[in-house]
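Take a look at the structure below. Keep it in view as you read.

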Amino acid sequence: MTQHIDLNGTWDFVADLDPKYHAIHGGFQTPDANRRHWQKVPVPGVWQKYAERYDIFEGVCWFAREFTVSEAATVAIARLRFGAVNYLANMYLNGEKVGSHEGGYTEFALDVTGKLKPGVNHLAVQVDNRATTIKWPPCLGYFNYGGIHRGVSLEIIEGPALEDVRLEANSAENGWELLVRGRLADPSDKLIVRVSSDGMSWEDCVDEHGEFSTNVPCHDTPAWSPENPHLKPVVVELLDEARKILDRREYDFGFRTIAMQDGKVQLNGRPYPLKGVCYVYDSETTGLVMTPEQIETDLLLMKEAGCNAVRCHYPMDAAFYAACDRLGLLVWIEPPIYCYHPADDETGTRFADPEWLALAQKMAREMIAVARNHPSVAIYSIGNECNTTNTEAEPFFRTLATTIREADPTRLISYAALYGIVGPIADIVDVLGINSYWGWYDKIWGGKGLAPDDMEGERPRELRVEPIDLTPMREMLDKVLTEKTNLALLLTEFGADSVPGDYSSSRDLWSENYHAALLREILALAEDYPRIVGTFPFCFTDYRDPSKVHNGYWNELNLKGVVDYHRNKKLAYSALQTAYRTTAPGPVSEAAPASGNTPKMTELERVLATLNHQPVDRCAILEQLSYNPRVIADWTGKTIDGFNYTLDDICEVIRQTCDLAMPPSAPRGTGRVTSPDGFVTQHDNWTSWHVSRPFDDEHGAAKWLRQKIQDIKSTPLDPEESRNHYRQRMLDLQSKIGDTVILNFSLTGFCHPFDAMGLEIFTFFQLEYPELLKDYMETNVSREVHRVHAVADPGLSPVILIPEDFATKQGPIFPPDFLQEFHYPYIRKLADAWHEHDVHVLYHSDGNWKKAITELKACNVDGFYCLEPNCGMDIVELKNAHPDMVWAGGVDGVDLMERGTPQQVTAEVQRHIRETSALETGGMFVASSSEINPPIPPKNFRAMVESVWNTSRIYSSPSKA
């Protein structure tokens, strides 16, 4: 059995300001060293965060503590395990040196068997992070924190114990097989390994060498992917002949395959474009220490941006991989073989030095030992931005690649080449990364943007937008791809620095605007190259990087983050989010023909492809499902009497059926309520109406509306409070409806006085009080625009609905000049405000408003919902007449859905899809012309949903895609 003794917590710490002297005249390692003036510090930790005086200290420091062990531990196998120490560590146990370790980012263990004594033991660690000590990386591109920055423990192994357990998922005819391998510490005869999962277990004997291997069938296990990060609990136990448990390991394991095939990264047998971001971990509060809270914050922001992958520039903590497993992100990791640039013909380089190669191999093996059982880990890199055309580089990288493949042949191998300096690397790796900063360093090293503000001279008076010319980048890519005709590429670094909060209408260098624009253009460029199979802009967050040239902008921070050092989103974040969430996966970007297959999309990908008029795997479904008890009972399997269902029940149906849904609401009950301003409203579960008003004519209505205007003007809007409230509400709702996208509301307020007054009073009111109506519209929309700028976030919802009713079956209720004055300008103000934040806008009105389509399109809306066929609004006719707009609705909710048959519903849905070419062109949501109200029978709603599922480009069986 393995016992783990936690050695994290408070240690004593001191900086050794003269290590050369103390090495001769006695160091700090002995138990009797006087620690009276040592500082109490947390481990894990970095000394830069212990006190301000250590903030930029590079040197030698000492850590010490005591711990207690039992008598039995002194005769057992014992190991000291360190998660990571940067950079060179020497360990002393009870004054005796027990080992050293070089390398700042990998886990290692030291054998201290026989070195412990019963009772109190003394542990001292010397840490040296001097740049002159560091071998790999030879060039620092991130801050050189010093300290024991990951966890420390003591392992006591008494008797046989599990060692080096490896889990591997393999595709099988009926699903999956789990291969479990490993070996034992201190093995003995007649031992058994048992693997258990989901109530089932399998057993195999340990062989005479203390090794074991067993295959476990896992046929019904869902595949792990970033869209569905399904983890299966796996328990591995060591049993003796009497079936007593001697040791036990628990894992949350994901079943997936990763491979290169036909020039594509294949996840679970399907092409899978990588939408990633580079990651250099740095926390404002803990430095290099990877806290669960910071990991969670960062990964959720990446997911919100649409990322499915993250490229890490050094090996990470096991907690990071576990979080990626759980949240769903593929991971690239690499030992820090970083930016080594000997001349092409130079000899005697570090590449040819056996000591440097051995260190690189050790780092790689240690990296893999921690990562190998995590499904999120997909790519091992062999280096970054070295001169691979040097004559001694090829054997170095070939040997390192062989070392990695031998340690773990189940992942892809890559490398990040600088500006197309490929050399022989393309023939060594599975997929090649290209780092290039065209659009940035070519500008600033060319003399633009590096001088302090007061040295740049007067800016030109006319507005001139900073140009972006990516011709050199295209030439670089064309050259690499021409020379290597079978090569698949990843764009692994690109971007610009931006000063947080620096906005520029002329997108000056160092502004957030230029940074965002450059990302947009490079991500669009990548779409032109089918052999680019993934993108990783540099980088996720601003971080400390003192190696940058001092100037008026950098200030010792690398500012290429899409979020700043405090994790506030920059404009570049929205640019990345928009690109990733509007880029359909797979061959869609290569204009797959209608007869071809479109890979399965997530709900979000399907919605975004629809909004952007891109091909879809099947049409997206949009509905409002709050008010039909029979439909809710049908999809939840519950017995529901009347309207006694909950919001969670509604959300369960939305989760199963919809790609896009309006926010659900629980039944309203049957009560009568009186509002503070005197309206009496009767509720009837799914509908409501005014019973009485606090006025009888247009003059009373005018008095009421004046008060309403005053109330709006006197109630200030707190942007931060609005933002937090909106975000929390959206996140709470998202947690209930799963991956379904939320279609929230934004109101001009046009319908509010019309609904409150009733048609007769409103008709007289608007004739007598036009200026009051104008004042109300201006006040209400001004406040709503203010709210939009506070809350808009395409990561929470990429599309908004402006719902206003101005038409009946016969046409618009109001004359064109009235709508031009009191309605259309305010729609446009809202649409423009949402568009500033990359949010699409749909407009809604009941009735027949064909005559107003031209005017509504001029309001800058992106589409319309919902269309009523019994009012003459046929979706096939409208979509084909206006293919630039997005259309939703059109499945008649009054006659067809209420009174028709499932076969008739299916035929109508299929007509919409077929005659609009919606699968090939996007631009259409399947939806009923009204909410799924109580009279609609469940069989007809089910027919609508399943007919969409069955009319797809890849699937023939009804299952929610």
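This report covers a sheet, a helix pair and some salt bridges.

The model is predicted. Strands of a sheet pair through backbone hydrogen bonds, either parallel or antiparallel. Here, three strands form an open sheet in the order 35-36-37, with antiparallel pairing. Strand 35 (672-674) and strand 37 (687-692) are the edge strands, and each pairs on one side only. On average, neighbouring strands are turned by 30° against each other, direction ignored.

Strand 36 covers residues 680-684 and runs antiparallel to strand 37. Five bridges join the two strands. In one of them, Val-680 has Ser-692 of strand 37 as its partner.

## Two helices in contact

Two packed helices are described by the angle between their axes and the distance between the axes. Take helix 15 (residues 751-768) and helix 16 (residues 770-791). Their axes come within 10 Å and cross at roughly 140°. Angles over 145 degrees would count as roughly antiparallel, so helix 15 is oblique to helix 16.

Which residues meet? Helix 15 brings His-752, Pro-753, Phe-762, Phe-765, Gln-766, Leu-767 and Glu-768. Helix 16 brings Pro-770, Leu-772, Leu-773 and Tyr-776. The residues of this contact divide into eight nonpolar, two polar and one charged.

## Salt bridges

Side chains of opposite charge can pair when their charged atoms come close. The whole structure holds 65 salt bridges. One of them joins Lys-479 and Glu-483, at 2.9 Å from N to O. Both residues sit in helix 7 (residues 471-483). They are four residues apart, which means about one helical turn separates them. Glu-483 has 52% relative accessibility, so it counts as exposed.

Asp-793 and Lys-569 meet at 2.8 Å, N to O. Asp-793 lies in the loop between helix 16 and strand 40 (799-803). Lys-569 lies in the loop between strand 32 (557-558) and helix 9 (571-582). The two are 224 residues apart. Is Asp-793 buried or exposed? Its relative accessibility is 4%, so Asp-793 counts as buried. Lys-569, at 29%, counts as partly exposed.

Asp-659 and Arg-606 also form a salt bridge, at 2.6 Å from N to O. Asp-659 is in the loop between helix 12 (647-657) and strand 34 (660-661), while Arg-606 is in helix 10 (residues 603-611). They are 53 residues apart. Both are buried. Elsewhere, salt bridges that share partners join Arg-79, Arg-81, Glu-107, Glu-155, Glu-163 and Arg-183 into one network.

Key
Residues numbered from 1 in each chain as written. Predicted model: local features only at pLDDT ≥ 70, side-chain atom pairs only at ≥ 80, totals over all residues. Heavy atoms only, no water. Pairing = 2+ DSSP bridges. Axes fitted to C-alpha atoms, helices over the stretch in contact; angles between N-to-C directions. Parallel < 35°, antiparallel > 145°, perpendicular 65-115°, else oblique. Contact = heavy atoms within 4.5 Å. Nonpolar A, V, L, I, M, F, W, Y, C, P; charged D, E, K, R; others polar. Salt bridge = Lys/Arg side-chain N within 4 Å of Asp/Glu carboxyl O. Buried < 20%, exposed > 50% of the residue type's maximum accessible area, 1.4 Å probe, protein only.
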